Amino acid sequence: MKGTLVFAAALGAGGLSAQEVVDLPAEDIPLSADLELEYRIGSATATAEWEQFAAIRNVAFDGAGNLYVLDGAGVAGATHVVVVDAVGRYVRDFGRGGGGPGEFRAPTQLVVWEDGRAVVEDMMRRGYHIFSPDGEFEDTVREPGSGFGIASRPGLRPARTDLRSLIGRSERSIVRIDMSSDELTEQTLVEAWAPRQREESRDREDRAIADVIGEVWGFEPEVLFDVLPSGAIALSDSSGYALKLTDPSGTVSRILRRPLQPQPVTDEMKRSEREHLLEIRRSRRDTWFGTPTPEMIALVNEVKTAWLAAAENMRFFPEVPLIAAVRATWDGTLWVQRSTESGSDEPGSIDVIAPNGRYVGTLAPGTATLPDMPAAFGPDGLVAFIDTDALDVPVITVRRLPPGIR
């Protein structure tokens with residue numbers, strides 16, 4: 001079934017531009033989720049030392065189908081990157097905990113370019129360690145600015161057309177991050193829709209801790225995105241089912257919609273969301289790098305008190321956003337995961353949309369071969385899933401997608 005095509009005009013950063021709006025079918029077309037097993041590594045029964053994983057941060061593929069695994073508890077110590085080939089055989093490992101060149105203090109995520117060069121984000125060092133395709137340390141690129149603090153950019157993606165750039169998010173903007181010099185620079189590609197007015201930012205020294213933290217909102221639509229093979233961006237930024245597609249310059253040229261209605265937020269949902277957030281924040285333990293001073297302890301306690309007060313008084317959007325995740329395969333097919341009922345642990349359905357914008361059908365995850373949205377997509381239909389075994393030890397399963405959904 002073909003979607004309905006209409007055209008709309010939108011005023012963006014580049015001026016008035018025509019956008020193609022594609023209305024996709026309302027009714028789901030079920031797809032088979034039978035994915036072929038390629039290999040499985042990890043688990044409590046693993047005998048090789050290299051696959052005795054502790055706490056997998058994330059995984060990524062290179063263009064040859066090698067899988068890179070960032071393993072470790074997230075602080076300096078037994079943390080490194082393990083590389084296995086397309087059939088699950090050990091290739092190499094690189095990186096380690098510490099404070100020297102190419103050593104990690106608090107590695108938070110891993111990004112791999114097609115040629116095998118890898119970037120490890122190090123939150124406590126406010127920078128990114130770059131390694132060559134053979135695992136040799138090349139450089140550390142710093143976040144701009146100086147002084148005490150941490151830095152993290154969740155959801156980083158490799159720029160598909162540039163082996164020195166990443167694509168990330170800054171507030172509600174999607175930015176291109178240039179990693180070619182000692183200090184990174186960024187360029188705004190897309191300004192996403194802002195569902196509420198945000199306070200003008202001021203210097204941290206001029207603001208109280210409570211003002212820095214600001215208000216906490218429940219069910220706020222996230223900016224969800226991925227990068228297509230052409231360098232274009234696919235993103236979702238609202239509560240409805242509207243997927244924006246840009247050209248490589250960041251100009252929105254097409255919007256894919258499904259006539260699905262978001263779930264209204266009830267009082268019970270608000271209560272459950274508030275209690276869940278409070279439980280998470282009350283259970284967090286402080287991690288110190290060295291011996292904290294009384295001033296540092298006082299500051300952390302003040303921040304924790306402000307966070308709890310903000311959570312107690314959190315505000316809510318009226319609807320649960322329909323889209324929970326947006327990913328692109330190496331061939332440019334989009335996987336769009338829909339939200340489930342608030343509080344549910346079940347994974348949401350995944351819509352598959354072809355590179356030309358045609359709705360292919362919907363996958364039902366929660367099966368042995370498709371437990372959830374893959375943690376990483378690779379070439380030739382490879383996908384990786386992260387799970388744990390009965391003893392809570394990390395396991396990685398790599399499968400291959402059939403041609404129709406890759």
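Predicted model: local features only at pLDDT ≥ 70, side-chain atom pairs only at ≥ 80, totals over all residues.
**Entry 1: the whole protein**

I began with the overall make-up. The protein has 406 residues, and 47% of them are buried. I found three helices and 32 strands. Next I looked up the accessible surface. The total is about 20100 Å², and carbon and sulfur atoms account for 50% of that. I also checked how far apart in sequence the contacting residues lie. Of the contacts between residues at least 6 apart, 52% join residues at least 24 apart.

**Entry 2: counting salt bridges**

How many salt bridges are there? I got 20. I then picked out a few pairs to look up one by one.

**Entry 3: arginine 89 and aspartate 85**

I looked up this pair for its distance. The closest N and O atoms of arginine 89 and aspartate 85 are 2.7 Å apart, and the two form a salt bridge. Is arginine 89 buried or exposed? Its relative accessibility is 55%, so arginine 89 counts as exposed. Aspartate 85 comes to 13%, so I put it down as buried.

**Entry 4: glutamate 103 and arginine 96**

Here I noted another salt bridge, with 2.8 Å between the closest N and O atoms of glutamate 103 and arginine 96. Glutamate 103 is at 14% relative accessibility and counts as buried. Arginine 96 is at 53%, and that makes it exposed.

**Entry 5: arginine 157 and aspartate 226**

This salt bridge has its closest N and O atoms 2.9 Å apart, one on arginine 157 and the other on aspartate 226. Which parts of the chain does the pair tie together? Arginine 157 sits in strand S14 (residues 157-158), while aspartate 226 sits in strand S19 (residues 224-227). The pair therefore ties together parts that are 69 residues apart in sequence. I checked burial too. Both arginine 157 and aspartate 226 are buried.

**Entry 6: a second look at aspartate 226**

I stayed with aspartate 226. Its relative accessibility is 5%, under the 20% limit for buried. What does its side chain touch by a polar contact? I found the side chain of arginine 327, at 3.0 Å. Then I listed its contacts, leaving out neighbours within four places in sequence. Aspartate 226 is in contact with Arg157, Ala232, Ile233, Ala234, Val326, Arg327 and Ala328. Arg157 is the salt-bridge partner from my previous entry.

**Entry 7: a network**

Last, I looked for linked salt bridges. Which residues are joined in a network? I wrote down Asp28, Arg258, Arg338 and Asp351, linked by salt bridges.

Key: Residues numbered from 1 in each chain as written. Heavy atoms only, no water. Salt bridge = Lys/Arg side-chain N within 4 Å of Asp/Glu carboxyl O. Buried < 20%, exposed > 50% of the residue type's maximum accessible area, 1.4 Å probe, protein only. Helix = DSSP H or I, 4+ residues; strand = E, 2+ residues; numbered from the N terminus. Polar contact = N/O pair within 3.5 Å; in protein donor to acceptor, adjacent residues only side chain to side chain. Contact = heavy atoms within 4.5 Å. Areas by Shrake-Rupley, 256 points an atom, 1.4 Å probe, with all protein chains shown as cover.
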